[in-house]
Amino acid sequence: MIVGIDLGTTFSLISYINAGGVPTLIPSKRDPQRFQTASVVHVGERGAIVGDLVEELLQEEPSLPVCRFAKLGMGKSGVTAFTDHLGQAYSPEAISSLVLRKLKEDAEAALGEPVTGAVITVPANFNEAQRQATVNAGRLADIPVLGLVEEPLAAATFFGLNIKGGEKLIFVFDIGGGTLDATILSATPDGLYAIATEGADNIGGKNFDELIMGIVADQFRGQFGLDPRGEAETAQRLRMFATQSKIALSEPAASVVSKPLILAGKSLRVTFNRSQFEAAAEPWLEACQEVCERALKSQSLSWDDIDDLVLTGGSSLVPCVERKVREMSALQPARIRREQPHASIAYGAALLAEQFHGTKQTAAPPLRQQVTSNELGLRVFDPKERKAVFHAMIEKNVPVPTTARQTFYTQKADQTSLSIELLQRKDPFTPPETLGQFNFGPIRRPELNHPVTVELGYDGTGRVAVTASDGRTGESVAREFSQQAEADLTALHARLQKLSLSA
Ligand SMILES: Nc1ncnc2c1ncn2[C@@H]1O[C@H](COP(=O)(O)OP(=O)(O)OP(=O)(O)O)[C@@H](O)[C@H]1O
Ligand SMILES: [Mg+2]
């Protein structure tokens with residue numbers, strides 16, 4: 001059986017296409033009524049514990065060390081997401097692999113057959129390192145990863161089940177626990193074509209929780225003179241309280257939170273209202289608007305051009321988020337569609353898993369085109385600026401697969417090699433990240449301005465192929481940047497295999 005997996009910052013889901021061609025969520029083995037797994041992990045003397053069981057244990061054992069939000073650290077080198085009772089460090093990939101293992105076990109228990117392949121969703125603006133880390137997390141969980149798809153494209157595919165005829169421009173606004181994606185697609189009778197995508201992996205429900213944590217911390221400090229966020233266990237309790245309060249305040253009729261809270265052995269009545277929260281949230285809402293406007297601007301579009309706006313992700317349920325979207329787009333209410341904010345991405349993942357890798361027929365429109373969400377290029381020496389700068393060879397929002405070719409020239413007469421450093425940049429405001437580096441050479445007959453042609457090939461599935469060739473002799477070197485050191489992965493896999501998993 002092949003499955004779709006929404007590996008989320010706060011919640012993860014697994015789904016498949018049933019015999020009738022309908023996307024279906026798979027419940028938790030432990031609780032057949034639950035269709036989402038909290039992306040929270042503990043590793044300790046009892047082995048690995050994943051999901052809602054961790055949340056339950058935290059009620060009785062508030063000091064239980066847990067890892068949340070591992071997704072936000074994926075693909076960032078040197079990040080330790082969690083350290084266990086023996087002092088063993090776990091990378092974000094390792095923690096995510098435990099969440100994936102739990103989902104795989106749920107699926108195999110529910111459907112009585114092995115998972116033979118999965119499509120995992122990623123935020124559109126994940127770079128190659130983050131995508132590769134996601135693939136590795138799958139491999140560490142013994143899941144054959146058939147491919148990755150971007151979350152907003154999965155949401156659009158699910159939404160596409162209900163699009164009838166004609167051509168339409170669709171804007172997907174997907175705000176989850178930790179990430180925001182804004183993607184524009186053209187829906188035609190022939191299928192879906194992604195046109196532009198923008199995003200941020202630091203905007204989501206986690207930020208809203210932290211605003212409420214700040215409001216409560218101020219009240220606590222006012223009464224007791226200390227910041228409750230300074231200590232892990234207390235901060236954990238405060239975070240749970242903040243998330244619950246945020247969700248309570250999202251109810252249309254709710255305007256005030258007034259609740260007792262015991263933190264660090266001290267009892268406090270927390271009182272704040274929705275407008276206090278919304279005032280604090282304003283900078284984040286502005287940031288959401290900027291992301292959306294960048295997506296539109298990249299294609300010289302305006303909101304008037306958009307036919308349907310799809311609001312999805314759990315944080316789209318925060319009333320001021322929805323209001324901001326309505327205000328900034330000024331679209332007619334009927335054009336703003338909210339469908340399954342918690343599950344649309346998982347449903348779409350299963351639809352796309354079958355579309356690209358399976359045999360089952362579904363009513364979903366084919367996804368015909370995906371686009372780059374990052375710029376790809378090289379580090380080059382800029383003689384005017386007298387320093388190494390990022391030079392884009394593949395721009396953002398280019399349909400994939402794509403290639404780019406350019407000739408560079410050596411700077412010195414005795415230069416026998418050229419350093420080729422492959423870089424990726426999310427946007428001009430974010431520093432580029434290195435995807436890999438190699439030295440092209442030896443250049444046998446060095447000379448000033450010796451030509452070296454570099455070709456980049458990007459297939460949109462996490463692999464960048466780089467070929468460098470000598471402009472005089474034609475000798476070439478090809479590299480593919482995708483594989484992380486296999487030996488490291490094998491050792492980590494062996495270590496994780498030894499962990500028992502409860503969920
Ligand atoms: N009713 C609600 N009101 C407000 N916020 C909500 C509500 N329900 C869920 N959320 C918030 O939505 C977020 C989870 O949304 P979702 O499951 O879409 O995110 P995710 O997939 O885990 O994250 P991401 O897609 O960013 O990786 C959490 O921050 C959660 O607190
Ligand atoms: Mg999500």
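**A buried helix, its neighbour, and some backbone details**

Let me begin with helix α3, where 12 of the 13 residues are buried, so the helix is largely enclosed by the rest of the structure. Please keep in mind throughout that this is a predicted model. The buried residues of α3 include Arg131, Ala133, Val135, Asn136 and Leu140, and the helix itself reaches 18 Å from its first C-alpha to its last, close to the 18 Å expected at 1.5 Å a residue. Just after α3 comes Asp142, which takes a positive phi of about 60°.

Which helix does α3 meet here? The axes of α2, residues 92-111, and α3, residues 128-140, come within 8 Å and cross at roughly 50°, and the two helices are therefore oblique to each other. On the α2 side the contact involves Pro92, Glu93, Ala94, Ser96, Ser97 and Leu100, which meet Ala133, Asn136, Ala137, Gly138 and Leu140 of α3.

Another cis peptide bond joins Gly441 and Pro442, with omega about -5°, and Pro442 belongs to the loop between β24 and β25.

Finally, Ser300, in the loop between α7 and β16, has a positive phi near 50° although the residue is not a glycine. Is Ser300 buried or exposed? Ser300 counts as exposed, because it has 7 C-beta neighbours inside 10 Å.

How values were computed. Residues are numbered from 1 along each chain as its sequence is written. Chains are lettered from A and ligands numbered from 1 in the order in which they are written. This is a predicted model: local features need pLDDT of at least 70, side-chain atom pairs count only at pLDDT 80 or more; totals for chains, interfaces and linings use all residues. Axes are lines fitted to C-alpha atoms, for helices over the stretch in contact, and angles run from 0 to 180 degrees between N-to-C directions. Helices (H or I, at least four residues) and strands (E, at least two) are DSSP runs, numbered from the N terminus. Angles under 35 degrees count as roughly parallel, over 145 as roughly antiparallel, 65 to 115 as roughly perpendicular and the rest as oblique. Two residues are in contact if their C-beta atoms, placed from the backbone, lie within 7 Å. The expected span of a helix is 1.5 Å times one less than its number of residues. A residue is buried if 20 or more other C-beta atoms lie within 10 Å of its own, exposed if 12 or fewer, and partly exposed in between; C-beta atoms are placed from the backbone.
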